[in-house]
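These are my notebook entries on one structure, kept in the order in which I looked things up. The sequence and the model are shown first.

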Amino acid sequence: MSSRKPAATKSKSVTVKQATLDLLRSFGITKVFGNPGSTELPFLSDWPDDIDYVLALQEASAVGMADGYAQATRNAGFVNLHSAAGVGNALGNVYTAHRNQTPLVITAGQQARSILPLQAFLYAERASEFPRPYVKYSVEPARPEDVPAAIARAYYTAMQPPCGPTFVSIPIDDWAHACAPSEARKVSREIGPELEPMKALVAALGSARHPALVVGPGVDRAGAVDLMVRVAEKAKASVWVSPFSARCSFPERHPQFAGFLHASPAQLSDALREHDLIVVIGAPVFTFHVEGHAAIFDGSATIFQITDDPDAAAVTPVGTSIIATMKPALSTLLDLLPESKRATPNGRTLPPAPQAADPLPVEFLLHSLSQAMPDGASVVEEVPSHRPAMQKFMPMRGQDSFYTMASGGLGYSLPAAVGMALGKPNSRTVCLIGDGSAMYSIQALWTAAQRKLPLTIVVINNSGYGAMRSFSQVMQVRNVPGLELPGIDFVRLAEGMGCHAVRVTKAAELGKALKRGMAFEGTSLVEVVVDSAVPVLYGQKHFPAKAGTHTHRERFGEDS
């Protein structure tokens, strides 16, 4: 007869729903973003007081809000969507979260397992395939009792650099099933750099005549901007921002700040022509928007890259890539670097302040907005056609000051600003958005107004899609339909959703309206009607189209 003691019994079982809510608590998740549907009701019934359900009026807004909140708090956003239709509505902002590398755990309802073979109403066919390839992990668990473990795996995967969204499809009848509780685990997330290539980078920085550091959004995502500044100052290198960076990873008033790189291969190569060493940190090498010859890859400059994204390292065409997370990589670099004997390079020269005029120039608006924003404010931006002017007249302070969509897909920034304001309740969030962009997710205003969030929305109204107007001019295509947007009244739209709102049409009205909007207790919208002159985004010299009349100096962003 065996003398062994009986095995310890497992913890008593709980429901799948209870196990999931306990997991959320243990992960520090205190908000769930969603728009409810019938297949989610068992999850939402008897909702607990300690987890805040944030209602969005459309699923794309729910994902955008969760993205902004996750970026503000540096913890995964949790989203609950409705089966196939809801996930479909949300996919644009799921793609943006993928490009933003924002950690999200997205759950979606599914019809009851017993009627799935009958192609039930509101079911999702091959649910886990629907959001791919824009999620890091996607599953519909084989058994109800596997749901909490799937959600735990989704969280750990979402939070592991490079971060991103994950997806779990959950049948309606799974929530009431019994399962074992799921314990949260500690999973480390920092990856240190290999020492030999770091030493090679240090040697290259030591021998370079005129090195450039190209900083990308990965630095700000990692909370490593202060480290980045110390590295740049010790190396005495010029600092550029990577093309289409969705964050501010270096203070734009710093004396070594050189400017913003263009998304045109030729323009980027022009800007970096004088540098013999280029070190790309927290960004791809490089994100381009148009065709052209990238002389930067011809071998005149040595290229190094530090990235936490193995895929970004794999597609880099030349040079040495070092895979590591930002804090250990920059700390190692700072420790290994000797104090450079080079002269400190000169940064960019900002243009003089723009003058007031009527019709109101967008440059005057952006300069005025920069002056009106309170200290510590965060900008969430979606004004693609005005980004060059914004980069000149609204220098950002650095860490946690600026956010936009890395995808280029509209409909992100208004709900993201709502999520940002939820995540930063003690400071002002400013959403800078175009009239065309605002109409993609205008219903996000309702959530902000209901919660009286410290949010100011500045709508730049030029009565159309400014970026498309610009492209049609540079590409010399004519009579393009769908570029004009007359007759949208943002004040009445905002007021209809419970927001304070004003319209500005003259320069003399602007300062007072912005000041009031920033100080308003709750959410305020300022619609600014600006000159509808078409901005130049790409110079004709660098655009792969037939010759035109634009000059060499007309650039996307800075003049070289």
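**Entry 1: helices α1 and α5**

I looked up which residues join these two helices: V16, A19, T20 and L23 of α1 meet V147, P148, I151 and A152 of α5, where contact means heavy atoms within 4.5 Å. By class, the residues of this contact comprise seven nonpolar, one polar and no charged. For the classes I took Ala, Val, Leu, Ile, Met, Phe, Trp, Tyr, Cys and Pro as nonpolar, Asp, Glu, Lys and Arg as charged, and the others, Gly among them, as polar.

I note that the model is predicted, that local features need pLDDT of at least 70 and side-chain atom pairs pLDDT 80 or more, and that totals for chains, interfaces and linings use all residues. Residues are numbered from 1 along each chain as its sequence is written, and side-chain values use heavy atoms, with hydrogens and water left out.

Helices (H or I, at least four residues) and strands (E, at least two) are DSSP runs numbered from the N terminus. I then checked the geometry: the axes of α1 (residues 16-26) and α5 (residues 147-159) come within 9 Å and cross at roughly 20°. The axes are lines fitted to C-alpha atoms, for helices over the stretch in contact, with angles from 0 to 180 degrees between N-to-C directions. The two helices, α1 and α5, are therefore roughly parallel to each other; angles under 35 degrees count as roughly parallel, over 145 as roughly antiparallel, 65 to 115 as roughly perpendicular and the rest as oblique. The crossing of α1 and α5 is right-handed, that is, the near helix is turned clockwise from the far one by less than a right angle.

**Entry 2: helices α3 and α14**

I repeated the check on α3 (residues 59-73) and α14 (residues 413-423), whose axes come within 6 Å and cross at roughly 40°. The pair α3 and α14 is therefore oblique, and its crossing is right-handed. On the α3 side the contact includes S61, G64, M65 and G68, and on the α14 side P415, A416, V418 and G419 are among the residues involved. The residues of the contact of α3 with α14 divide into eight nonpolar, seven polar and no charged.

**Entry 3: nonpolar cores**

Which residues touch the most other members of the largest nonpolar core? Of its 51 residues, they are L81, L414, L445, L455, I457 and L525. A nonpolar core is a set of buried Ala, Val, Leu, Ile, Met, Phe, Trp, Tyr and Cys residues joined through side-chain atoms within 4.5 Å. Buried means under 20% relative accessible area, exposed over 50% and partly exposed in between (1.4 Å probe, protein chains only).

Another core, of 36 residues, lies apart from the largest one and has L227, V239, A324 and L337 among its members.

**Entry 4: helices α12 and α19**

I found α12 (residues 362-372) mostly covered, with eight of its 11 residues buried. They are V362, F364, L365, L366, H367, S368, L369 and S370. The elements covering them include α13 (387-393), β17 (429-434), β18 (455-461), α19 (507-519) and β20 (523-529).

In α19, the buried residues are A507, L510, A513, L514, G517 and M518. These residues of α19 pack against α12, β17, β18, β19 (500-504) and β20.

**Entry 5: backbone exceptions**

Most residues other than glycine have a negative phi, and most peptide bonds are trans. I looked for departures from this.

The peptide bond from P161 to P162 is cis, with omega near -5°, and P162 sits in the loop between α5 and β7 (165-171). A cis peptide bond also joins D358 and P359, with omega about 0°; P359 belongs to the loop between α11 (326-336) and α12.

D46, not a glycine, has a positive phi of about 50°. D46 lies in the loop between α2 (41-44) and β3 and counts as exposed at 76% relative accessibility. Q119, which is not a glycine, has a positive phi of about 50°. Q119 is found in the loop between β5 and β6 and is exposed, with a relative accessible area of 55%.
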